[in-house]
Amino acid sequence: MTVRKFKIILDMIKFEHTIFALPFAIMSAFIASDGLPPMDTCGWILLAMVGARSCAMAFNRIVDAKIDGANPRTSMRAIPAGLITASSVWIFTAVSAALLVYSAYNLNSLAFALSPLALVITLGYSYTKRFTSLSHFWLGLSLSIAPIGAWIAVTSSLDWVPMLLGLSVLLWTAGFDIIYACQDFEFDRHNRLHSIPARFGIRRALWLSSALHLITVSILVGLAVFTNLGTLYLIGVGVVTLILIYEHVIVSPNDLSRVNVAFFTLNGMVSLVLSGLAVADLLV
């Protein structure tokens, strides 16, 4: 694979958006260690995260190539636009999957044993909008693997604390993905694709998104009760709450022009602010 093709693929899968889930994995690793986790463990977690998301996104672009080509909003994505072949993306997908499994192998036996399940969940998301409007929650489940997997990487076991953090990630992700799906409301209905906006309408979808984010914040507050997270973390939760409120203020049924700001910029800030202050709280 040439450097040019590699750059096209990285742009196609929005590699920089690994930032959504990665900070939660780091946060979980620090909570599990009650401070700084081993550096080699952090390195393998990072590689596993990159492999998992890259594999899932590349697979999604292959599976959805025809749908993307028919949608005016996505018709210029690399595969439907002819910038790269599906075979090249398949190679990238396979290498990314191998990176996840190899990283899990270098962490511990439980992480390695569960790595195929992680692939099934993350790859399975690409098919969900063909048969269920709950696809947003499947995407959330895919991202929730990040904090759960990081906990397993550090402790070689599972606990309810990472499950609680994973649930917050699941609901947060489903909430912002519902907002993003509002852009394709008409296209999805016309092409019999399933989403919350397509099923219930944009106004109800945005209300559901708000409710999901309210529950997310409640879970994050509760997390402080059962861990060593303290003042700095709670400040982070407060900032995240303000960001989420702003996210819902700038998007309305009559104005979807700032959906990309809500989806990309603000949610990137959510993960960075929360994880950054949580880590700082555990280290000071």
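**A side chain and its surroundings**

Modeller: Leucine 99 is partly exposed, with a relative accessible area of 27%. On this scale, buried means under 20% relative accessible area, exposed means over 50%, and partly exposed lies in between (1.4 Å probe, protein chains only). The model is predicted, so local features need pLDDT of at least 70, side-chain atom pairs count only at pLDDT 80 or more, and totals for chains, interfaces and linings use all residues. Numbering starts from 1 along each chain as its sequence is written, and side-chain values use heavy atoms, with hydrogens and water left out.

Leucine 99 belongs to helix H5, residues 86-105. Helices (H or I, at least four residues) and strands (E, at least two) are DSSP runs, numbered from the N terminus. Leaving aside residues up to four places away in sequence, leucine 99 touches Leu47, Val50 and Gly51. A contact here means heavy atoms within 4.5 Å.

Now the charged side chains. The structure holds four salt bridges. The criterion is a side-chain nitrogen of Lys or Arg within 4 Å of a carboxyl oxygen of Asp or Glu. One of them joins lysine 129 to aspartate 64, at 3.0 Å from N to O. Lysine 129 sits in the loop between helix H6 (109-128) and helix H7 (135-155), and aspartate 64 in the loop between helix H3 (39-63) and helix H4 (65-70), so this pair ties together parts that are 65 residues apart in sequence. Aspartate 64 is buried, at 1% relative accessible area. Lysine 129 is partly exposed, at 22%.

Arginine 130 also forms a salt bridge with aspartate 64; their closest N and O atoms are 3.1 Å apart. Arginine 130 lies in the loop between H6 and H7 and aspartate 64 in the loop between H3 and H4, so the pair ties together parts that are 66 residues apart in sequence. The arginine 130 side is partly exposed, with a relative accessible area of 32%.

Another salt bridge pairs aspartate 68 with arginine 77, at 3.1 Å from N to O. Aspartate 68 is buried, with a relative accessible area of 4%. Arginine 77 is partly exposed, at 22%.

Now the whole chain. The protein chain has 13 helices and zero strands. Its radius of gyration is 19 Å, close to the 19 Å that the globule rule gives for 284 residues, so it is as compact as a globular protein of that length. That radius is taken over C-alpha atoms, and the rule is 2.2 Å times the number of residues to the power 0.38. The C-alpha trace spans about 50 × 45 × 30 Å along its principal axes.

Buried residues make up 52% of the 284 residues. Among contacts with a separation of 6 or more, 74% link residues 24 or more positions apart. The accessible surface of the protein chain comes to about 12,900 Å², and 68% of this belongs to carbon and sulfur atoms. Those areas come from the Shrake-Rupley method with a 1.4 Å probe; for residues, only the protein chains shown count as cover.
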